[in-house]
Amino acid sequence: MAKSVRIEKTSVVFGKPAQKKAASELLDSDLTPQEIREKTGATVAVRNVSLDIKEGELFVIVGLSGSGKSSFIRTLNLLNRPVSGKTMIGDKDLLDMTKKELRYFRRNEVSMVFQNFALLTHRTVIENVQYPLEIQGVSSSEYKKKAKEAIHMVGLDGWEDHMPNQLSGGMRQRVGLARALTNEPEVLLMDEPYSALDPLIRRDMQDQLLKLEDEMDRTILFITHDMNEAFRLGDRIALMKDAEIVQVGTPDEFFDKPANDYVKNFIADVDKTRILKVRNIMEKPHHIATETDTVKTTLEKLKEKDLRFTYVTDANRKFLGYVKIEQLKRSKSETIKRLVNEDDTVIYRNAYLREAWPKLRDAEYDLPVVDGKGRLRGVLDYDVVVDALAE
Amino acid sequence: MIETVLATFWESIVEIPEFLEFNYEGPIQSFVDWFAETFEFIFERVEDFIRRVTYNLELALFAIPWFVYVLAVFLAGWRLKNWKTGLALALMMTFIATSQLWHLTLSTFVIVIFSAIICFILGLPLGILMSKFRPAEAVLRPILDLMQTLPTFVYLIPALMLLGLGSPAAALATTIFAMPPLIRLTYLGITTVSEEVREAGIAFGSTPLQLLFKVEIPQALKTIAQGINQTTMLAISMIVIATLVGFGGLGAEIYSALGAGRRGVGQGFVAGFAVVFLAIILDRIIQGVAERFDHSEGGES
């Protein structure tokens, strides 16, 4: 079961105890982190961050290096202990846990994937993957079985007995992911997991993560410095800068209402065609005719709305094709059923804009958008697409 | 006239005045005497222990035919590196066996092995302690520095005082002298385990002991093995000097060659080669084992 994560005014400060204490008292002031460091000698890595992450959400934190995102994600398994605030996982506050409770929590409810994989290089693939269960005193037949399942999930069957240094970077990170899945955590923390990989492999890994995320019920917190990656993966995104969160929202909200110039700059290089989905910018069709409609009423509707054609669906809204106004004028039929020009040039509503592009270019009219069952859900207008990309 | 006065004055300040001269030897001497007498019962036990273990080890090693050693060394070299290394090591072993110094080499080897094992048993925990507790590091580090700069011969003195002439004193001096690198490299190995790997261990809920035994020590094994190697090499270098406290072995052969002047050149060199070959054989084998623990990029798999 996935659990929600609720962070209330959490801050992380690095330094000697006395410096930390002095810096903690300045967190609510309007001094910048640099000024606090000059004054106290302590480094403020995370400052008064509050976040609500829903159960099962894939939440991405994005920011440049040094923005505090890695320090922040480490508060969620207390690799970094915040100096203040609340860190609620489900209904438990991490900061109130005893050592024993914390160990139980780390063993069962949260796990982590690391930027440089952090594999135990002296152990084989399967021995790495079984580690989280092995240290809990689970029987060896049980942890071998679970480890095999996790290895299968990430597609590394057959590599169980290889050593990590025999694998490519992408495969190593799959081992890292499998290891983080063996204990079936409710919250999965991923600290720049794909940053050390080649771009092509990174895409594969992202696709795999999206697929896995679809199949599992798990809250995922994903850290990256790559805006494209953030927008591709995230249900919601938080942008961090100088230890604080600048903006939280869905990808669309970032494009529609960037909080300030920093955000605008940050998203400027994002390739929107890879991120915006058709459903994000499709429009309602001006008119939809059902195949059982009469020619007469359809013609009247089209004239009334000043349209040259209309899309036609069956009674279940399944897309069939279109009818032009000239056809209607010439026709002697009762219903429009026999007039429909069948058309299979449609676009799936969850497709990325990039995939819609070639179809859109060749289309005679606005491109019909359908859902998984082939039902007409909207249309994609060439001009609207151009506008969306130009923004 | 004025020159004479100046000269006299100069002489008087160049000389160290008598009231500033102390007899530092005295207190040290009496402290050691007191120490040796008070803890005699302990040192007797230590001596007895060393004597018994080395005696039995010697008996066991002497019972094995020489060609088994040659074969074993060949196999080790071959398995760990390649057949050429195996052959080279086997040839060196054959040289030792046929140089009329076989028994001397074996008793030297016994003390080296004994010291190395004691170093491992004591040095490994000390290295770990040092890496885990700051105060331990603050105390041990200067002691290790001191131990590594102290002239070799100095180690013989306490060993001699406490245990008297004989191989136990040699073994004790060798052990103390050879220990620092193992402690240092254990410390180094553990403190240089990748921070992320350590974090991973903690993040999955390891107890401190699980972290130590399942993550840190295995990750540090290569470095620790290098420490064992250095310790063994130091033990070999010390064992020659330890002849001065009455230990036989190859060292004695070299000293007797020294005493023989020109007539001793041949004898000295043969014994010298035996020591060198023993060192090379042990070095290659331990290095080979150490490389087995190298799981880094391009290392052993």
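Is Ala200(B) buried or exposed? Ala200(B) is buried, with 28 other C-beta atoms within 10 Å; a residue is called buried if 20 or more other C-beta atoms lie within 10 Å of its own, exposed if 12 or fewer, and partly exposed in between, with C-beta atoms placed from the backbone.

Before the tour begins, note that this is a predicted model, in which local features need pLDDT of at least 70 and side-chain atom pairs count only at pLDDT 80 or more, while totals for chains, interfaces and linings use all residues. Residues are numbered from 1 along each chain as its sequence is written, and chains are lettered from A and ligands numbered from 1 in the order in which they are written.

**Stop 1**

Select Ala200(B), which lies in helix H10 of chain B. Helices (H or I, at least four residues) and strands (E, at least two) are DSSP runs, numbered from the N terminus. Next, display Phe114(A) and Ala118(A): Ala200(B) is in contact with both, leaving aside its neighbours within four places in sequence. Contact here requires that the C-beta atoms of two residues, placed from the backbone, lie within 7 Å.

The mean for chain B is 89, and 99% of its residues reach 70 or more. Among the elements of chain B, H10(B) has the highest mean pLDDT (95) and helix H8 (residues 156-163) the lowest (81). For the complex, the predictor gives an ipTM of 0.79 and a pTM of 0.80.

**Stop 1: chain A as a whole**

Of the 391 residues of chain A, 42% count as buried. Among contacts in chain A between residues at least 6 apart in sequence, 65% join residues at least 24 apart.

**Stop 2: the cores**

Select Ile151(A), Ala178(A), Leu189(A), Leu221(A), Phe222(A) and Leu380(A), which touch the most other members of the largest nonpolar core, a set of 93 residues. Such a core is a set of buried Ala, Val, Leu, Ile, Met, Phe, Trp, Tyr and Cys residues joined through C-beta atoms within 7 Å. The core draws at least three residues from each of domain 1 (5-109 + 185-270) and domain 2 (279-390) of chain A; the domain bounds come from an automatic or database domain assignment. Centre on Ile151(A): not counting residues up to four places away in sequence, its contacts include Val125(A), Ile126(A), Val129(A) and Ala178(A).

For a second, separate core of 68 residues, select Phe109(B), Ile183(B), Leu234(B) and Val245(B), which are among its members.

**Stop 3: the sheets of chain A**

Strands are said to pair if DSSP finds at least two bridges between them. Select E11, E12, E13 and E14 of chain A, which form an open sheet in that order with mixed pairing. Strand E11 (288-290) and strand E14 (341-342) stand at the edges, each with a single partner strand, so one side of each is left without a neighbour in the sheet. E11(A) runs parallel to strand E12 (residues 309-313), joined by three bridges, and Ala289(A) stands opposite Val312(A). E12(A) and strand E13 (residues 319-324) run antiparallel over five bridges, with Tyr322(A) as the bridge partner of Tyr311(A). Five residues lie between E12(A) and E13(A) in their hairpin, where Arg317(A) in the turn has a positive phi of about 70°.

Finally, select the open sheet E2-E1-E4-E5 of chain A, whose pairing is antiparallel. Strand E1 (residues 5-14) and strand E4 (residues 84-89) pair over five bridges, and Ser11(A) has Ser84(A) as its bridge partner.

Key:
pLDDT is the predictor's confidence in each residue, from 0 to 100.
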